[in-house]
Amino acid sequence: MTSETTGVAVVGCGNIAQAYARQLAGYPEIDLLGVQDVDGARAEALAATHGVRAYGSLEELLADPGVDIAVNLTAHRAHYEVIRRCLEAGKHVHSEKPLALTHAEAAELVELADKRGLRLGGAPATFLGEAQQTALKLLRDDAIGKVRLVYGEVNWGRIEVWHPDPVGFYEVGPLFDVGVYPLTMATAALGPARRATAFASVVQPHRERLDGRPFTITTPDYVVASVEFDGGVLLRLTCDFYVDGHNTHQHGLEFHGDGGSLLLHSWHDFDSDLEIGAFREPLRPVPPVREAYRGVEWGRPVRDLAAAIREERPHRATGEQAAHVVEILCAVRQSYETGRPVDLVSSFVPAAAMEWAL
């Protein structure tokens, strides 16, 4: 890394890697050096698109002294091992969600990064979006009074109707795959959670791939959780792989306080609609604090991480928050498996607001 640029390499060249690579290659202070995947042809294709190197293996990527940050976009179950190897090789890491599939592994990665003097960042970082930062500012400014209830909705539809290989998503389930998004936004707003109580079920066990081959799921495709936060705030989270977001009015995040309500229509898209209203009064639209990026700028947390390293300041999408969210996910799973509430023990410091959202 020089004072002007940061060397970045991508591990994992699946669907989301296209957007990451395109955005990273467009930042003047980021030098996208190369990509790597267990499928060499897939890595070669992405590398050719951006005129960068296709590393033959993870070892080859980690041996490149020019790589400062490894961006981990591998499958869910590979996250822990890939992140660990990158940190042990002395690389800073930004990883797609979830950081790991158990809290013990996530906490281990945070500790390893700290011991090595390295930065660990974790997705989702959609709380860095314009609509989300506007919502967080309104909450900081006490625009709806004391918040007591939050509703989070994740109706993500049936993965098999669009994805050629949906089985991996169903093995992980909607809680770990997409429930992580509103939980991360909620923790950005409310801080650490302290208890989870949940119910889950398999709504549609028998599914069919795009090519007609059947498969059966055993991980719950429907989860409802009540998450209690410091200060007594309660979040009701619903997530499923059955109802499509286009076929329901239940979506996004709703913050309800003593003085009114704040509705963020999407915890995902940076240009989400945002509405606010006093108690029993009509809702009105809220413009973002600046013109919003359309959709999701996946590279934004990596860009922030690189800038934080150069400027010697904390980065915003931290491993500590990502690990805490993993603990919430695991607590929810333990609760619906045992039928009992589960207490949480980890903590983190919520990120500073983006400069343009102060």
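Start with the open sheet: its 6 strands run in the order β3-β2-β1-β4-β5-β6, paired in parallel (strands are DSSP E runs of at least two residues, helices H or I runs of at least four, numbered from the N terminus; two strands pair if DSSP finds at least two bridges between them). This is a predicted model, where local features need pLDDT of at least 70 and side-chain atom pairs count only at pLDDT 80 or more, while totals for chains, interfaces and linings use all residues. Residues are numbered from 1 along each chain as its sequence is written, and side-chain values use heavy atoms, with hydrogens and water left out.

Now select β3 (53-54) and β6 (120-122): these sit at the edges with a single partner strand each, so one side of each has no neighbour in the sheet. Further in, 4 bridges join the parallel strands β4 and β5; pick Val71 and you'll find His94 of β5 as its bridge partner.

Next, bring up α1 (residues 15-26). It lies across β1, β2, β4 and β5, at about 150 degrees to β2 (angles run from 0 to 180 degrees between N-to-C directions, with axes fitted to C-alpha atoms, for helices over the stretch in contact). Its buried residues are Ala17, Ala19, Tyr20, Ala21, Gln23 and Leu24 (buried: under 20% relative accessible area, 1.4 Å probe, protein chains only). Their cover includes α2 (40-50) and α8 (300-311).

Last stop: α5 (103-116) and α9 (319-338), packed at about 170 degrees with axes 8 Å apart. That makes them roughly antiparallel (over 145 degrees). Show His103, Ala106, Ala107 and Val110 of α5, which make the contact with α9 residues including Ala323 and Cys330 (contact: heavy atoms within 4.5 Å).

Methods: Angles under 35 degrees count as roughly parallel, over 145 as roughly antiparallel, 65 to 115 as roughly perpendicular and the rest as oblique. Buried means under 20% relative accessible area, exposed over 50%, partly exposed in between (1.4 Å probe, protein chains only).
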